[in-house]
Amino acid sequence: MSDHEKNKKIIKKIAYTGVLAAFIYIGTQLHIPTAIGHVNLGDLVILVAAYILGPFAAIAGAIGSMLADLTAGYPQYAIPTFLIKGIMGLVAGLLMKRNGENNVPLVRKLTAAVVAELIMVAGYFGFESLPFMYGVEAALGSVVPNLIQAAAAIIGAIPLTYVKLFDRIRI
């Protein structure tokens, strides 16, 4: 691969990362308020981004989700969200990364999505359990809404990974 082709691929990856970060932001803003935070569609987009970008989805997930928290009035969540959603995108992207194969098997897609969503549920539970946040008892109240969000993300994202357009833009 020539330097020109490598540069073109890097620029393409950066552009898609920016666009997907914006979609993650929008998906996160489409939310249903709960007692602690909200249930949103941002995770669905993170999982699709992981399919398209591979591990580079960490950047899109971290930035899009963090900006959504900042603009939605949850600045205390900005850094934890950046880390949690970034790790979700990284792990899902690594698990769905193609190594010369055309398609990622359904089992691998499901595994990646479930592992990523468990990271989200555990990450927010851990953060919200801290004494300066809500404590363990109150943080337990966010587990069910986060599991609902996780299930919705998995149910929505897996079928979207079969959209042929994503295979063509997959990096």
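Is K12 buried, partly exposed or exposed? At 37% relative accessibility, K12 counts as partly exposed, where buried stands for under 20% relative accessible area, exposed for over 50%, and partly exposed for what lies in between (1.4 Å probe, protein chains only).

1. First, some ground rules. This is a predicted model, in which local features need pLDDT of at least 70 and side-chain atom pairs count only at pLDDT 80 or more, while totals for chains, interfaces and linings use all residues. Residues are numbered from 1 along each chain as its sequence is written, and side-chain values use heavy atoms, with hydrogens and water left out.

2. Let us stay with K12 for a moment. K12 sits in helix 1, which covers residues 3-29; helices here are DSSP runs (H or I, at least four residues), numbered from the N terminus, with strands being E runs of at least two. Between the C-alpha atoms of K12 and L70 there are 27 Å, and along the chain the two are 58 residues apart.

3. Together with K8, K9 and K97, K12 makes up a patch of positive charge. A patch takes residues with over 30% relative accessible area and no salt bridge, joining like charges within 9 Å and nonpolar side chains (Val, Leu, Ile, Met, Phe, Trp, Tyr) within 5 Å. For charges, Lys and Arg count as positive and Asp and Glu as negative, with His and the chain ends not counted; each charge is placed at NZ of Lys, CZ of Arg, CG of Asp or CD of Glu.

4. Helix 3 (57-71) and helix 4 each contribute at least two of its residues. One of the members, L67, is in helix 3 and is partly exposed, with 39% relative accessibility.

5. Now turn to the salt bridge. The count comes to 1, under a rule that asks for a side-chain nitrogen of Lys or Arg within 4 Å of a carboxyl oxygen of Asp or Glu. The partners are the side chains of K85 and D43, at 2.3 Å from N to O. Because K85 lies in helix 4 and D43 in helix 2 (residues 42-53), the pair ties together parts that are 42 residues apart in sequence. Both ends are out of the way: K85 is buried, at 4% relative accessible area, and D43 is buried too, at 0% relative accessibility.

6. L53, in helix 2, is buried with a relative accessible area of 2%; its C-alpha atom is 15 Å from that of I158, and 105 residues of chain lie between the two positions in numbering. A150 is part of helix 7 (residues 143-160) and is buried at 5% relative accessible area. From A150 to V121, the C-alpha to C-alpha distance is 7.9 Å, with a separation of 29 residues in sequence.

Methods: Accessible areas come from the Shrake-Rupley method with a 1.4 Å probe; for residues, only the protein chains shown count as cover.
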